[in-house]
Structure formats: C-alpha cells, structure tokens
Amino acid sequence: MYEFYQELMDFLDKIVKVVASALAGIMFLLIVMQVFTRHCPWVPTPAWTEELARYVMIYMAFLGASHGIKEWDNVNVDIILSRLPLKGRKIAELLIKVLVLIFMVIVTVMAVRNFGVVGFKQKSPSIRLEMIYFQAAIIIGCFLCCLQCVGVIWKELGGRN
C-alpha cells in the first residue's frame, strides 16, 4: 500500500512540476509583454497582463508548495533541533510534520467552506472572470500539500507498515 501511495505522489509531483513550469513560462511572457509595451509608446499596454501574471504566480506558489513538502525543502531554523539528542530530534521533526499537516487540513477545509461565498459574486477587475477560478488555487494547492504531507509522515514512520 505504501509503495502505491508513493508512486501516486510521485506521479502527482511530476504533473505539478510540468504545470508549474508551464505557468512560470506564461508568467515570464506576460511580464515581458508588460515591459515591452511600457517602453514602446506606440504599442498599447493591455490592462490585464499584470493581473493575470499575479494569478499565475499564485497558482505557481500553491502548486510549488506541494513539491516543497514532498521533498521537505522548507526554509527552517534548526538551532533548537540541532541541539536535541537524535531521538528527540526525530520526535520533534515528526511533530512539526504533523502540525504542518493539521494546518494544511484546516486551510483546505476553510477554503472549501468559503469557496463559493465570494467567488461567484466578485469578478477580477481587468480580466472580468469570477474570482472562483483564482480561489481554486488555494484548495488545489493545499489539498496536494495534505496528500504529500501524509506521504512524508508515512515515510518518516517507516513506510511499508
């Protein structure tokens, strides 16, 4: 069961990396378009490029967070952890991972509860799309983070059990 779950998480991680890379390319093109049109007065500057770049970056950040959790590449200050004995450090690291999972579950649940409250009523200023499409980034990203965090905790507990 553990091997299947890890294969599934590896597959999801590959999809996340491809989508995040494509989003990074789109964001790059949008920013280049903004810079080009600002410095060329004869080319009209589209009002939607800055806003779309911002939403693309939000999706990229939430998707990238799931990859960071899978690899456990988080920024941390381990001055306290490094002073603990090995067993205490392992317990503290496991506790941190469980707390991250609890936080991600809470954020996911809150995002799902509030998903349709504002999203259908509010439109983005220049793109004129419902905000629900952009709020979905929170749900998708946090859900993927939860899945990856479960895999990290399972691996920490010894996997295969």
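View 1. Met110 is partly exposed, with a relative accessible area of 46%; partly exposed sits between buried (under 20% relative accessible area) and exposed (over 50%), using a 1.4 Å probe and protein chains only. This is a predicted model, so local features need pLDDT of at least 70 and side-chain atom pairs count only at pLDDT 80 or more, while totals for chains, interfaces and linings use all residues. Residues are numbered from 1 along each chain as its sequence is written, and side-chain values use heavy atoms, with hydrogens and water left out. Met110 belongs to helix H3 (residues 86–113); helices here are DSSP runs (H or I, at least four residues), numbered from the N terminus. Together with Leu95, Val98, Leu99, Ile102 and Ile106, Met110 makes a nonpolar surface patch of about 530 Å². To join such a patch, a residue needs over 30% relative accessible area and no salt bridge, and nonpolar side chains (Val, Leu, Ile, Met, Phe, Trp, Tyr) are joined within 5 Å. Areas come from the Shrake-Rupley method with a 1.4 Å probe.

**View 2. The buried residues of H3.** Here are Ala92, Lys97, Leu101, Met104, Thr108 and Ala111, the buried residues of H3. H3 has 28 residues and reaches 41 Å from first C-alpha to last, close to the 40 Å expected at 1.5 Å a residue. That expected span is 1.5 Å times one less than the number of residues.

View 3. Lys17 and Asp13 are four residues apart in helix H1, so about one helical turn separates them. An α-helix has 3.6 residues a turn, so residues three or four places apart point the same way. Lys17 is partly exposed at 40%, but Asp13 is buried at 3% relative accessibility.

**View 4. Arg38 reaches across to Glu50.** These two form a salt bridge, with 3.8 Å between the closest N and O atoms. Arg38 lies in helix H1 and Glu50 in helix H2 (residues 48–71), so the pair ties together parts that are 12 residues apart in sequence. Arg38 is exposed, at 53% relative accessible area, and Glu50 is partly exposed at 43%.

**View 5. H2, its buried residues and its end.** Among the buried residues of H2 are Tyr55, Val56, Met60, Leu63 and Ile69. Their cover includes H1, H3 and helix H5 (132–156). Glu71 and Lys70 meet in a salt bridge (3.9 Å, N to O), and Asp10 is linked with both in a network of salt bridges. Glu71 is partly exposed, at 39% relative accessibility. After H2 comes Trp72, whose phi is positive, near 50°.

**View 6. Lys121 in the loop between H4 and H5.** At 72% relative accessibility, Lys121 counts as exposed. Lys121 and Ala24 are 97 residues apart in sequence, and their C-alpha atoms are 29 Å apart in space. Confidence is worth a look here: helix H4 (residues 115–119) has the lowest mean pLDDT among the elements (73), and helix H1 (residues 2–39) the highest (93). The pLDDT is the predictor's confidence in each residue, from 0 to 100. The protein averages 89, and 97% of the residues score at least 70.

Methods
Helices (H or I, at least four residues) and strands (E, at least two) are DSSP runs, numbered from the N terminus. Patches are made of residues with over 30% relative accessible area and no salt bridge: like charges are joined within 9 Å, nonpolar side chains (Val, Leu, Ile, Met, Phe, Trp, Tyr) within 5 Å. A salt bridge is a side-chain nitrogen of Lys or Arg within 4 Å of a carboxyl oxygen of Asp or Glu. Contact means heavy atoms within 4.5 Å.
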